[in-house]
Amino acid sequence: MYAIFEAKGKQFRAEPEVTLRLPSLDAEPGDRVTFDQVLLAQRDDRVIVGTPSLEGAAIAAEVVRHGRGDKIVVFKMKRRKGYRRKQGHRQGFTDVRIVDIDLGSPKSGATPARGRKAAPAVKHEAKAEKPVARKAVAPPEPQKDKGAEAAETLVTDSARALAEEAGIDLSDMVGTGKDGRILKGDVQKAIKARGEA
């Protein structure tokens, strides 16, 4: 039997009669402390997961001792600036011995880990049906006027402006540019031909 609990912003695995090293707690050696943020537990070969924690579950522990960890050296420098700072640090800790793991009643609103694997399969089946419905409902795209589009893409701006000034109809002309594009020179030739006629 074991449980995962949260204390001081970290998670720990608790088992009966096991000593754990936690960040410093505000308690004297010999005092009993209780941790009620139990996230996960195993009972009767079944893993129970909290949402986010198990209701009614608690872990009782006894404070064994306080201490300080190994010394580390924190050294900071900035090159070419003459800045040097050296500092030592020893992190405080509290050793606790797990006395009891109480998971409360079996119906604590927790979700068994085995039952959680079936949920994604149902979601996956629902996703497979959605694209079929979208294809059937999708409206047809409106058709564009190909004549107007061709007239816009096959005439340069300068040729169109010159043709409007001279009053020449571009729909009857065949251009000499790429893909039959009507160029300014084509319009000038048409104006010259009309003048000679």
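Two strands are said to pair if DSSP finds at least two bridges between them. In this predicted model, pairing of that kind gives an open sheet of four strands in the order β3-β10-β7-β4, with antiparallel pairing. The edge strands are β3 and β4, each of which pairs on one side only. On average, and with direction ignored, neighbouring strands of the sheet are turned by 45° against each other.

**The chain as a whole**

The chain holds four helices and eleven strands. Of its 197 residues, 26% are buried. Among contacts in the chain with a separation of 6 or more, 63% are between residues 24 or more positions apart. The chain exposes about 14800 Å², and carbon and sulfur atoms supply 51% of that area.

**Nonpolar cores**

The largest nonpolar core has 23 residues, and those with the most contacts inside it are Phe 5, Leu 20, Leu 22, Phe 35 and Ile 59. At least two residues of this core come from each of β1 (3–7), β2 (10–14), β3 (19–23), β4 (32–35), β5 (38–43), β7 (58–68) and β10 (92–102). Another core, of nine residues, lies apart from it and includes Val 155, Leu 170, Met 173 and Val 187.

Ile 59 shows what surrounds a residue of the 23-residue core. Not counting residues up to four places away in sequence, Ile 59 touches Ala 3, Phe 5, Ala 14, Val 33, Thr 34, Phe 35, Val 38, Ile 98, Asp 100 and Ile 101.

**Strand β10 and its partner β3**

Strands β3 and β10 pair in the antiparallel sense over five bridges. Leu 20 stands opposite Val 96 in β10.

Asp 95 is also found in strand β10. Is Asp 95 buried or exposed? Its relative accessible area is 8%, under the 20% cut-off, so Asp 95 counts as buried. A polar contact of 3.1 Å joins the side chain of Asp 95 to that of Arg 21. With residues up to four places away in sequence left out, Asp 95 touches Thr 19, Leu 20, Arg 21, Glu 62, Val 63, Val 64 and Arg 65.

**Strand β5 and its partners**

β5 is mostly covered, with five of its six residues buried. Three bridges join β5 to β1, and these two strands run antiparallel. Ala 3 has Ala 41 in β5 as its bridge partner. β5 also pairs in the antiparallel sense with strand β6 (residues 46–49), over four bridges. Here Arg 43 has Arg 46 in β6 as its bridge partner. The hairpin of β5 and β6 has two residues between the strands, and Asp 44 in this hairpin takes a positive phi near 55°.

**Tyr 2, ahead of β1**

Tyr 2 is found in the segment before β1. With a relative accessible area of 17%, Tyr 2 is under the 20% cut-off and is therefore buried. Which residues are in contact with Tyr 2, leaving aside its neighbours within four places in sequence? They are Arg 13, Ala 14, Glu 15, Leu 40, Ala 41, Gln 42, Val 47 and Ile 101. Tyr 2 and Ile 101 are 99 residues apart in sequence, yet their C-alpha atoms are 7.8 Å apart in space.

Arg 90 has its place in the loop between β9 (83–89) and β10. Its relative accessible area is 39%, between the 20% and 50% cut-offs, so Arg 90 is classed as partly exposed. Not counting residues up to four places away in sequence, Arg 90 touches Arg 68, Gly 69, Asp 70 and Lys 71. Arg 90 and Lys 71 are 19 residues apart in sequence and 4.7 Å apart in space, C-alpha to C-alpha. The side chain of Arg 90 also meets two backbone oxygens: that of Arg 68, which lies 3.5 Å from one of its polar atoms, and that of Gly 69, at 3.0 Å.

| Residue | Relative accessible area | Class |
|---|---|---|
| Asp 95 | 8% | buried |
| Tyr 2 | 17% | buried |
| Arg 90 | 39% | partly exposed |

Key:
Residues numbered from 1 in each chain as written. Predicted model: local features only at pLDDT ≥ 70, side-chain atom pairs only at ≥ 80, totals over all residues. Heavy atoms only, no water. Core = buried A, V, L, I, M, F, W, Y, C linked by side-chain atoms within 4.5 Å. Buried < 20%, exposed > 50% of the residue type's maximum accessible area, 1.4 Å probe, protein only. Contact = heavy atoms within 4.5 Å. Axes fitted to C-alpha atoms, helices over the stretch in contact; angles between N-to-C directions. Areas by Shrake-Rupley, 256 points an atom, 1.4 Å probe, with all protein chains shown as cover. Polar contact = N/O pair within 3.5 Å; in protein donor to acceptor, adjacent residues only side chain to side chain.
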